[in-house]
Amino acid sequence: MSDAHLRWLRDAVSAFGAECKHNLAGPGDREAAIRGPLEQLFRTVGTHCARPDVTWYPETRVQHLGVRPDWAVRVGGDITGYVELKRSDGSIDPERFTGHNKRQWERLRDLPNLLYTNGTHWRLYRYGVQVGEEVVLSGPLTSAGEKLSADDLGAFDALTKAVLWWEPTPIRRVSVLVRQLAPLCRLLREAVREQLRAEAQTAPASDSANASSADRPFTGLRSDWRRLLFPTADDATFADGYAQTVTFAVLLAHTEGIPVTGTSFHEIGRRLNAGHALMGKALQLLTDSVNERFEVTLHLLARTIGAVDWGTIRDGDRDAYLHLYESFLSVYDDGLRQRSGSYYTPHEVVEEMVRLAEDVLRTRLGRARGFGDTDVHIVDPAMGTGTYLHTVIDRVARQAAERQGEAMAPDAIGRLAERLYGFELQMGPFAVAEMRTTDLLRKYGATPPPHGLNLFVTDALDDPFVQEEQFVSTYAAISESRARANHVKANVPVTVVIANPPYDDKAENRGGWIEKRVKGQGRPPLDDFRHPGNGRYEHALKNMYVYFWRWATWKVFDAHGDDRHGVVCFITPSAFATGPAGRGMRAYLRRTCDEGWIINLSPEGQRAEVATRVFPHVAQPLSICLFVRRVDHDSTEAARIHYRALHGRRAEKLARLGELSLDDEGWRDAHAEGARPFTPAALSGWDDYPALDEVFPWGSLGITTNRSWVTSPSDAVLRRRWARLMGESDPVEKALLFKETRDRRLGRQVAALPGFPHPDRPMEEASGANPCILRIALRSFDRQWLIADNRVLDYPRPDLWESLQPGQLFLNQQSSHEISSGPALVATALLPDTHHFNGRGGRLHPVLHPDGTANVPTGLLRYLAGALGLAEVAVHDLAAYAVAVAGHTAFTEHFAEELLTAGVRLPLTRDPELWQEAVRIGHEFLWAASYGGHDIPGRAQMSDEDGVRFPRATPGR
């Protein structure tokens with residue numbers, strides 16, 4: 001376009017410059033001085049672009065705390081963009097933002113059409129990505145006046161039109177849908193969180209409940225949400241649920257052909273009620289009371305979804321539903337995806353799990369038609385987007401067509417839908433599951449059940465026996481959904497539970513009635529997974545996947561009297577099948593079930609090479625596990641457990657998974673006894689060897705400081721750190737330097753460590769005296785210095801300190817994780833850190849008790865001497881033999897499968913020559929491992945420059 005055609009724009013820019021110069025010459029805020037001229041400039045642009053109906057909403061609050069773009073621009077009835085104005089001498093380059101500007105940008109970049117300007121520099125951003133080049137008006141605003149002009153008038157014209165003429169572009173791919181939908185959903189979530197904070201600040205000081213619902217609408221919504229769906233939801237959970245519910249309810253309506261623009265959200269929800277009552281009513285409930293500030297983001301959301309060409313998306317990707325939610329969650333909040341365990345389960349895994357579960361139905365439970373049998377009820381308690389249930393539907397449809405012709409598939413699917421149940425905690429994946437299921441039923445020409453699909457937004461672990469409240473009609477659909485979900489959980493006998501349950505090892509107090517005692521219901525079901533004397537390991541039961549195991553086994557094997565039969569099929573971490581924490585769980589499964597199958601998908605162990613992982617992002621070893629209880633269960637017989645491991649790269653494992661069957665020859669029988677691991681009974685004699693903790697019974701974790709500043713390779717550095725702490729007079733700064741924890745605070749007085757006294761005063765009163773410093777074994781090959789003061793150590797293990805003496809050695813085995821490489825046993829003469837073995841836990845076995853006696857069972861050394869024909873066997877000889885046998889990788893490789901149980905067993909020989917050779921090698925090893933601090937029988941003692949024959953404390957050089 002020629003410059004002549006844009007004369008009006010050149011004049012408008014000139015007028016803008018003149019007015020800015022005039023305003024900036026006076027007092028007041030430099031940013032506010034150019035607000036009026038900027039509004040007039042855009043009105044002029046709107047008039048010449050045949051868009052005279054430009055409306056400005058100044059100081060429009062956009063949803064994140066502390067974020068207030070200067071304007072929202074509405075053309076006609078639609079928001080077309082936002083304008084953020086910076087002072088005339090300020091930068092508009094996000095790369096240079098700091099402080100408030102940086103925090104503001106990190107929130108505003110989620111907007112679909114955002115103009116940043118300081119009056120002379122102009123940039124347009126869409127979802128955080130700059131569109132086109134920066135446009136510059138020449139000359140400073142303070143002096144240019146009417147001479148202000150654009151270097152490229154055409155580019156400036158295009159930029160202003162882009163703000164006023166913005167329309168959502170047609171969306172024809174899932175990836176584009178996710179990129180545009182996730183930021184708007186995130187904006188909505190933060191809007192709710194900000195609104196809740198604002199309402200909390202305006203609540204009456206005496207009782208926040210006294211505030212009217214009109215003044216605090218979202219506080220009331222949050223309370224209703226808790227009562228109706230999620231009793232334990234906090235503000236963050238509610239805000240996330242709100243945003244995902246509204247976003248996916250509108251998307252669901254659009255896929256059902258319901259108009260989502262040019263109408264109210266209440267009307268969208270009303271029309272959605274016909275086939276999706278829960279989502280429809282939830283949409284109405286959550287949007288009926290919103291204020292004007294929310295309407296901006298909701299309007300943008302509806303316009304964006306209205307531009308989705310779902311038919312084209314589905315034509316181009318038949319698995320569009322399948323990939324939608326995980327892709328969405330990765331962009332929306334990847335941390336939430338990781339915390340919730342929302343990982344896409346490979347379809348090959350799902351299909352084979354469904355196939356194997358159906359084989360169990362046919363071959364062990366007499367259900368000839370498998371999932372098609374009319375009394376088989378199936379539930380996925382962690383449904384996600386419904387992949388397992390949809391695979392069951394496809395399988396039943398295919399089998400019905402093969403048996404009786406294509407015309408019978410709709411009838412088979414219709415009857416199956418009555419017996420198919422799904423529970424999901426998050427509204428987003430639930431909505432996707434409804435979309436997929438509805439679409440699948442349409443594909444087969446099947447009619448949904450009269451009462452709707454048996455898919456529920458609910459926490460499977462919530463108490464199903466809670467007394468239901470009666471709600472007014474406003475909430476009837478949601479209340480009914482919760483009541484139906486609880487009825488299924490409490491009363492419907494289930495034949496199959498199949499799922500990929502979430503993994504979260506920090507799940508204490510999130511297991512509902514499965515974990516905690518409920519008044520009037522006796523002991524919690526999780527207690528059946530506990531084992532006598534196993535308490536020190538059972539913190540690992542506080543994991544979401546364990547809670548779901550207990551819910552599934554309770555539902556199928558315990559809950560329904562004469563109907564206590566069926567199959568549980570999960571893919572979960574393998575730790576319960578092999579580790580010490582799972583002893584009670586394994587004992588329960590052996591006595592409750594008739595048969596089980598363990599398919600180890602990760603024989604390579606923890607953090608295996610990514611190419612070998614079935615889930616590339618999951619480092620935990622995984623197994624597919626099936627357990628069945630028959631109608632004629634014999635309680636006197638332990639379940640027979642079959643085991644097999646799948647080796648190789650991911651594609652090879654999936655191929656082998658597709659080839660195996662329940663009764664082929666590739667299975668090995670696992671141990672048959674009570675709490676033993678679900679691993680093959682060893683052919684090597686391993687089970688007959690004594691465990692290390694039977695040979696050296698007293699064991700302990702190493703010292704746990706819970707603060708890194710108390711250790712260093714340099715003792716001089718520790719003294720400087722100590723002096724810095726002692727010299728700090730500001731209590732707040734001193735607490736930060738100290739790193740206060742639950743167990744160690746500046747004002748807390750604690751007892752001194754045996755042999756390492758400290759002044760009888762808390763740290764806040766400590767003087768600047770030199771600290772007591774001790775050399776310790778931080779890792780297997782890393783000696784460092786430690787401030788030996790109980791006031792700065794959270795868990796020092798005083799009995800270990802008391803045991804320090806000449807001749808003391810600490811053997812260390814990796815008992816908290818499987819051992820897959822390297823030595824199975826290490827040793828040190830220094831006091832070890834709790835992660836001394838390899839940075840991931842371990843258990844110490846001191847050779848000597850604090851009183852100097854040998855840490856072995858009474859009579860063991862005398863027995864060994866007699867069996868070997870020796871005059872005597874010293875405890876240090878036994879320690880040397882242990883490290884000679886187990887302290888190298890050949891032992892680990894030879895007993896790789898046996899060591900899956902995460903505990904060392906010690907093969908003992910009766911051959912005196914072999915014994916003597918092992919003891920000789922072991923003493924050499926101990927001498928080297930202790931840096932010359934261990935006496936080697938028969939040779940002169942050597943010591944290094946640190947004199948570490950016996951770990952010692954040094955107050956100073």
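Okay, let's start with cysteine 625: this residue is buried, with a relative accessible area of 0%. Keep in mind that we're looking at a predicted model.

So what about a disulfide for cysteine 625? A quick reminder: a disulfide is a covalent bond between the sulfur atoms of two cysteines. Cysteine 625 isn't in one, and the nearest cysteine sulfur, which belongs to cysteine 569, sits 8.5 Å away. To count as a disulfide, the two sulfurs would have to be within 2.5 Å. And how many disulfides does the structure hold? The count is 0. While we're on cysteines, cysteine 185 is buried too, with a relative accessible area of 0%.

Next up, helix H7, which runs over residues 235-255. H7 has 21 residues and reaches 30 Å from its first C-alpha to its last, close to the 30 Å expected at 1.5 Å a residue. Is H7 mostly out in the open or enclosed? Well, 17 of its 21 residues are buried, so the rest of the structure largely encloses H7. Then, just after H7, have a look at glycine 257, which takes a positive phi of about 80°.

Last stop: a pair of helices. H14, residues 387-404, packs with H16, residues 427-444, at an angle of about 10°, and their axes are 10 Å apart. That angle makes H14 roughly parallel to H16. Who makes the contact? On the H14 side you'll find Thr387, His390, Ile393, Asp394 and Ala397. H16 brings Ala433, Arg436, Thr437, Leu440, Lys443 and Tyr444. Sort the contact by class and you get 5 nonpolar, 3 polar and 3 charged residues.

How values were computed
Residues numbered from 1 in each chain as written. Predicted model: local features only at pLDDT ≥ 70, side-chain atom pairs only at ≥ 80, totals over all residues. Heavy atoms only, no water. Axes fitted to C-alpha atoms, helices over the stretch in contact; angles between N-to-C directions. Helix = DSSP H or I, 4+ residues; strand = E, 2+ residues; numbered from the N terminus. Parallel < 35°, antiparallel > 145°, perpendicular 65-115°, else oblique. Contact = heavy atoms within 4.5 Å. Nonpolar A, V, L, I, M, F, W, Y, C, P; charged D, E, K, R; others polar. Buried < 20%, exposed > 50% of the residue type's maximum accessible area, 1.4 Å probe, protein only. Expected span 1.5 Å × (residues − 1).
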